[in-house]
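Visitor: Hi, could you walk me through this one? I am new to reading structures, so please go slowly.

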Amino acid sequence: MSADGVTFSPVPYARTWRALKFMAPLLLLVVLWQVVVTAFDVNPRIFPDVPTVLRAGWSTIEDGSLAAHVGASLWRVSVGTVLAILTAVPLGIAMGVSRGVSDFLTPLFRFFSVLAGIAWIPIATLWFGYGFGAITFVIFNAVFFVVAYNTLLGVSTIPMPLRHAAAALGASRWQTLTEILLPGALPNIVTGIRTGMGFAWRGLIAAEMIATNVGLGYMLFLARDFYRTEVIVFAMIVIGVIWLVLDRFLLAPLERATVERWGLVQQS
Amino acid sequence: MIALYSIWGYYARWTARWPALAAFVPFIPLIAIWAFLAWLEIFPRVFLPGPIDVVEKAWELLYKGILTDYLADSLARLAVGAAAGMAIAIPLGVFVGLNKKAHDFSWPILLFFQAIGDIAWLPILLVWFGFGLTTMTFVIVYTVLFPVVLNTVLGMRSVKPDLRRAAQSLGASPARILFEVTLPGALPNIITGLRNGLGYGWRALIAAEIIVGTSGIGFLMFDARRAGSVEEIVVGMIVLGVLWYIVDSWLLAPIERATGQRWGLVTAR
Amino acid sequence: MKSLALENLSKTYFDPYRGIQHTAIKDVSLKVNEGDFVAVVGPSGCGKSTILNMIAGFVPITGGRILVDGREVKGPGPDRGVVFQSHALFPWKTVTENVTFGPKMRGVGKAERAKIAEEYLALAGLSHAADKYPAELSGGMQQRVGVVRALANNPDVLLMDEPFASVDAQTRMTLQEELTRIWEERRPTVVFITHDVTEAVFLANRVVVLSKGHVLSEVDIPLERPRSWDKLNEDDQFKALSNKVLQLVRSA
């Protein structure tokens, strides 16, 4: 029971340590993959081994096709999401301000949130033809309704005493908007963005499978057409990694920063 | 102005007596606006049909039995997939939730595979199983799995330690603690997971049917697109939305409320 | 009800932030006789909750022994009932189901359990709330359910961890009087942790003052029973004893 020992300073290595701990099971899985495929002599058409996938992946990087696909997908997601947020948040706030209006409109928005994204693919291709327009519309749609609904919800659940307090302290309507309503609804907005982007990402992949000739979804689709399973696997991994990075390193911290920091809402 | 308020008053009283009304009435102005826009023919009829055209088409599909057949197909697939998904996911979730090592090991794996998303699996599933029921069921099971597992684990971890300690000091064995304390405590989260899972599953089903299917509502919409029949597409979308809305609001949400709120564990959303 | 003995109890744990061993409890010995009501007081951080958690078996012991009725105990068990500060009632079980949880774990039959429930709910004046859920009860009622739930399981020792800390002052006084009444009827062996000195003197027949992980002093409380706030608020002996304990705590 000694009273001395090495002093820990946990912080500097904590993040790398955590990242390693996160990667370890996945790396183990890759090893397992390789072992199973070689041990059972699995048909490469059914499931290729690790080197084949890596080689196929490398060739897509080399010939620039991966960059083209990833670029197209990310570009569509970005445009659609940004447009959606810019339109949905003001709309949501405008509607959320009046309790009566927000109660009335809530069923409408819930209905369309449910429908968001994938279900619009057929009609989107009819309206916009194949390509950028249709896909971006699907993404816009997926993010718009969810964000609008959550904004609506967020604003309408700001307790009236807060708004009264602002008024009693002489805030103008604009000031109430920027100082009270927007920050107050922000946790819900961010949660909405995160959920909406989840729908959008899935909708993106689905839409790209049928409605275009460039993008990650298309990459998958094309590979299947040519029975190039190794490209399929590579593309799946890329999709997984991109979304994981996007969600865990961008969206989740954003949600944590607003939601938990202000102690307003518990995460779902 | 006074007239507006008195209408508002009527509305408030009616919805207080029949809350279901509040779910329907807001759609009326929407439909009215839609009808107006369609009548104005800002967009050609081929792009934006009016509500009446859609209803006529719906009737036709219903009459021919196509709508009911396809709907039944879709629902059956969803039910099978969801049931299988839950049957796998809940025990898995419980296992991961109980065992710290299992949790640490599987958490990154679960997150990664969730990130890949159900749709991205379609091409490889088509290679393995072709265009059939297996492919579709797999997609739905996959989709339902993650929200349920993750929420189950979350629910189990969010049971207050004092409750477990109380059970221990009252002589409960670890197995009894699991069934009497941890699982009931996790139930609200599990139901939320179920609800989310079904929502995602529904979407995944539609996507799979659009891309792969030979029947079902998703297929209906996709086929209609090829035939250029907008009304059918819209019918499909409305059916989807209404069906989900009904299931979610009148079946799932009340269940979530009944457990969560009654036990004072969850506050209303 | 049985006796409880702590022999040279100590608790050290490793503090990862400072990389050192930290001694929370140092060589604590205490003897609680059958039917004794012992209150443990001390400044914040003196280790009283740690001691309770060790007796209850929630926290492992790193030195010394805990004996219940002469038997050494480790780990939680129904022989040491616990009343928690956060009441820890099972939210999805009714009051009756909560109270009969212990017996149910022991395999007691339904009819027998119903009788137990009836008896103990009546003891706490909660018969009307038998089928309610904890969320439907007031804070005071919840705490009462917590107390009888532990009692209904017939533990050898009853451990109470600041059970009245989170209710309002008036409810607290009512609950304290109720507790003494129940205690006088049943005479359980009780170890009661609190930071409220007057509460300790009111309830107990012995007060143990803890300081930085060891026993500073023990004070006998020979006030006669039954006790009520009306009588004791003006009682000189009560005030003197409270002061004495307070001084000890403040000097700790």
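Guide: We will talk through the chains, then their contacts, and then some local details. Please keep in mind that this is a predicted model.

Visitor: Okay, what is chain A made of, in helices and strands?

Guide: Chain A has 10 helices and 0 strands, and if you read along the sequence, the pattern is α-α-α-α-α-α-α-α-α-α.

Visitor: And is chain A compact or spread out?

Guide: The radius of gyration of chain A is 23 Å, whereas the globule rule gives 18 Å for 268 residues, so chain A is more spread out than a compact globule. Along its principal axes, the C-alpha trace of chain A spans about 75 × 75 × 30 Å.

Visitor: What share of its residues is buried?

Guide: In chain A, 42% of the 268 residues are buried. If you take the contacts in chain A between residues at least 6 apart in sequence, 75% of them join residues at least 24 apart.

Visitor: Where in chain A is the confidence lowest, and where is it highest?

Guide: Helix H7 (residues 160-168) of chain A is where confidence is lowest, with a mean of 79, while helix H3 (residues 65-96) of chain A is where it is highest, at 91. For chain A as a whole, the mean pLDDT is 82, and 91% of the residues reach 70 or more.

Visitor: What about residues 1-9 of chain A?

Guide: Over residues 1-9 of chain A, pLDDT stays under 50, and the model has 14 contacts for them beyond four places in sequence. Where pLDDT is low, predicted coordinates should not be read in detail.

Visitor: Switching topic: how many residues do chain A and chain B put into their contact?

Guide: Chain A brings 42 residues to that contact and chain B brings 41 residues. On the side of chain A that touches chain B, the elements giving two or more residues include helix H1 (11-39), helix H8 (173-210) and helix H10 (229-260) of chain A. By class, that side of chain A has 33 nonpolar, 6 polar and 3 charged residues.

Visitor: And how many residues of chain C touch chain B?

Guide: There, 21 residues of chain C are in contact with 16 residues of chain B. Strand S6 (80-83) and helix H3 (101-106) of chain C are the elements that give two or more residues to this side of chain C, and H3(C) gives the most, with 4 residues. The residues on this side of chain C divide into 14 nonpolar, 5 polar and 2 charged.

Visitor: What order do the strands take in its open sheet of 4 strands?

Guide: The order is S2-S1-S4-S5 (chain C), and the pairing is antiparallel. Strand S2 (20-32) and strand S5 (71-72) of chain C stand at the edges with a single partner strand each, so one side of each has no neighbour in the sheet. Between strand S1 (residues 4-15) of chain C and S2(C) there are 9 bridges, and Thr12(C) stands opposite Thr23(C) in S2(C).

Visitor: Last one: where is Pro226(C)?

Guide: Pro226(C) lies in the loop between strand S10 (214-220) and helix H8 (229-232) of chain C, and the peptide bond from Arg225(C) to Pro226(C) is cis, with omega near 0 degrees.

How values were computed. Residues numbered from 1 in each chain as written. Chains lettered and ligands numbered in written order. Predicted model: local features only at pLDDT ≥ 70, side-chain atom pairs only at ≥ 80, totals over all residues. Contact = placed C-beta atoms within 7 Å. Nonpolar A, V, L, I, M, F, W, Y, C, P; charged D, E, K, R; others polar. Rg over C-alpha atoms; globule rule 2.2 N^0.38 Å. Buried ≥ 20, exposed ≤ 12 C-beta atoms within 10 Å, placed from the backbone. pLDDT = per-residue confidence, 0-100. Pairing = 2+ DSSP bridges.
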